[in-house]
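Let us take a walk through this structure together, one region after another. Here it is.

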Amino acid sequence: MSKIVDYRIVISENATTSEIRAASFVRTNVKLVCGKTLEIVKDSEKPVELEIVVGKTNREALDGVALERSRDGLWEYVMFNKGRRFYMTGLGVPPEEVPYTSAYRKIDDGAVGTVIAAYHFVEDVLKYQFIYAAYDVYPETPDLEMPEEYLYEFTREAFSKQRPENIEGASIHFLQCSGRLDWNDQSFIIKTKAGRLIAFDGGHPGETDRFIESLKVLSGEEVPTVSAWFMSHMHNDHWGVYYRLCTDEEYKGKVKVENFYCNLATEEFYTKLSRECSEGHIPVRNAILGSKETTGADVHTVVRGDVIEVDDISFEVLHAPLEKDYTAMNMNDSSVVYKMTHKDSGQTILFLGDAEWVCSNNLIENSADKLKSDIVQVGHHGCGNVSRKCYELIDADVYWWPIGERFWYGESGEGLNTHNVGVERYRTYMKEIGVKNENIYVNLDRIISSPLPFPIY
């Protein structure tokens, strides 16, 4: 085993800004954790045995490493050992030259994946959760060793192969986005004690194949049955999978759905009143409302106070959109908010969907006495406007973040928290409220499968 302090960092002679930033980030955090400033050298220097290779360099040819890079791989990256060298590199390439049309374009040199790889290295190899730097003490481990065998792939191909763990008894499965790696997704599957399946949202249309395969794993059936499917609102990272089951011929008969629960606004809201108004919402709305003919589902419109029970799991509707609020709501605020209870343990989980300020105010005004929950799914992937007061009333021990790496780190090509859409604020709320690190679940790269009740530390 080799100590990390014995390594040097290698970048290309023609390193991009992102690759230089990644190397600098690694060097800064190795100094913080291990107490030594590593040398950064160009790949024109003679190779040595112990090197941390950052980005695309000539060391790949030297070690016989063949990596495919493309524009589609912009947010993908890999990390691995080759001999005693440690590689971290994005799999993107720069865009073709485009006309200058805006002063607000982000830096894009094709290597943002390398920056994300550096973040992962600090968290996973150095064991420093730098994202909480203002609140946590950093580890001091001068003798920290480089792992001898390491392979990590943040790629669509790797994620598409992941499946939930089929756990005996009641369980919950929190799926990450496997396709749009630069975006967010929301997808849950719950299995009751008796083995019946419940779906919550489901994710982007491109998640359909893996979602169906996940249902097969959990049901043990070639054509799985979903007893209850809950949809929060009309954004395609929430309705995408169900819509494809309704409309795509290749998925007809692949899943049987018994009941579908939603509260869809009027056509006028989607076509005229919403800030995202578009006639394109109507085919989706109609397909969902008419899905008895396609998926077999009885479609139910839920309202506040409704309780839906499936074996040992119940869902209470704490908020559903009201027509009087249509002119104030954006699409996210048309979310239905459900409180789930695992009846055998009494554990409660609040699903906020993409709730923002209208939902937040409504919950405080009408459901304050019911908000207390053990677990909360962070509203709008942590990008929105559920208030701190609302989270204080929820008073959860566990926070579930359905979020992608670009949003979690706020990395849009110009550094940590430069893609600021509220995530930094919500990370701050969470830490100020006093949530423990071990109770924060961010599904960046994995399916989180757990028995119910979900563990709380």
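Helices (H or I, at least four residues) and strands (E, at least two) are DSSP runs, numbered from the N terminus. What you see is a predicted model, in which local features need pLDDT of at least 70, side-chain atom pairs count only at pLDDT 80 or more, and totals for chains, interfaces and linings use all residues. Residues are numbered from 1 along each chain as its sequence is written, and side-chain values use heavy atoms, with hydrogens and water left out.

Is H381 buried or exposed? H381 is buried, with a relative accessible area of 2%; buried means under 20% relative accessible area, exposed over 50%, and partly exposed in between (1.4 Å probe, protein chains only). The backbone of H381 has a positive phi of about 60°, although H381 is not a glycine. A second residue of this kind is D395, a non-glycine whose phi is near 50°. D395 belongs to the loop between α10 and β21 (398–401) and is partly exposed, with a relative accessible area of 40%. One more backbone feature is the cis peptide bond from L452 to P453, with omega near 5°. P453 is in the segment after β23 (448–451). For background, most residues other than glycine have a negative phi, and most peptide bonds are trans.

Now turn to helix α3, residues 112–124. Its 13 residues reach 18 Å from the first C-alpha to the last, close to the 18 Å expected at 1.5 Å a residue (the expected span is 1.5 Å times one less than the number of residues). Of the 13 residues of α3, 12 are buried, so this helix is largely enclosed by the rest of the structure. Among the buried ones are V112, I116, Y119 and F121.

A nonpolar core is a set of buried Ala, Val, Leu, Ile, Met, Phe, Trp, Tyr and Cys residues joined through side-chain atoms within 4.5 Å. This core has 75 residues, and M88, F121, L352, W401 and W408 touch the most other members. Helix α3 gives the most to this core, with 8 residues. Apart from it lies another core of 36 residues, including L175, L197, L218 and C262. In soluble globular proteins, nonpolar side chains tend to be buried together.

What about W408? Leaving out residues up to four places away in sequence, W408 touches I131, Y132, W401, I403, V423, R427, M430, V442 and L444, where contact means heavy atoms within 4.5 Å.

On a 1 Å grid over the protein atoms alone, a cavity is a set of points where a 1.4 Å probe fits but cannot get out, and a pocket is an open set with protein on both sides within 12 Å along at least five of seven lines; lining residues have an atom within 4 Å of a point. Grid points are joined across faces, edges and corners, and a volume is the space filled by probe spheres set on the points.

The largest pocket has a volume of about 450 Å³. Of its 18 lining residues, E123, Q129, I440, V442 and R446 are the closest to its centre. Two or more lining residues come from each of α3, α11 (405–408) and β22 (440–442). The lining divides into 9 nonpolar, 3 polar and 6 charged residues (Ala, Val, Leu, Ile, Met, Phe, Trp, Tyr, Cys and Pro count as nonpolar, Asp, Glu, Lys and Arg as charged, and the others, Gly among them, as polar).

The second largest pocket has a volume of about 300 Å³. Of the 16 residues that line it, E76, L91, E153, T155 and E157 are the closest to its centre. Helix α4 gives the most to this lining, with 3 residues.

How many cavities of 30 Å³ or more does a search of the whole structure find? The search finds 1, and the largest cavity has a volume of about 70 Å³. Its lining includes F154, W183, I403 and L444.

Our last stop is helix α2, where E60 is found. E60 is buried, with a relative accessible area of 6%.
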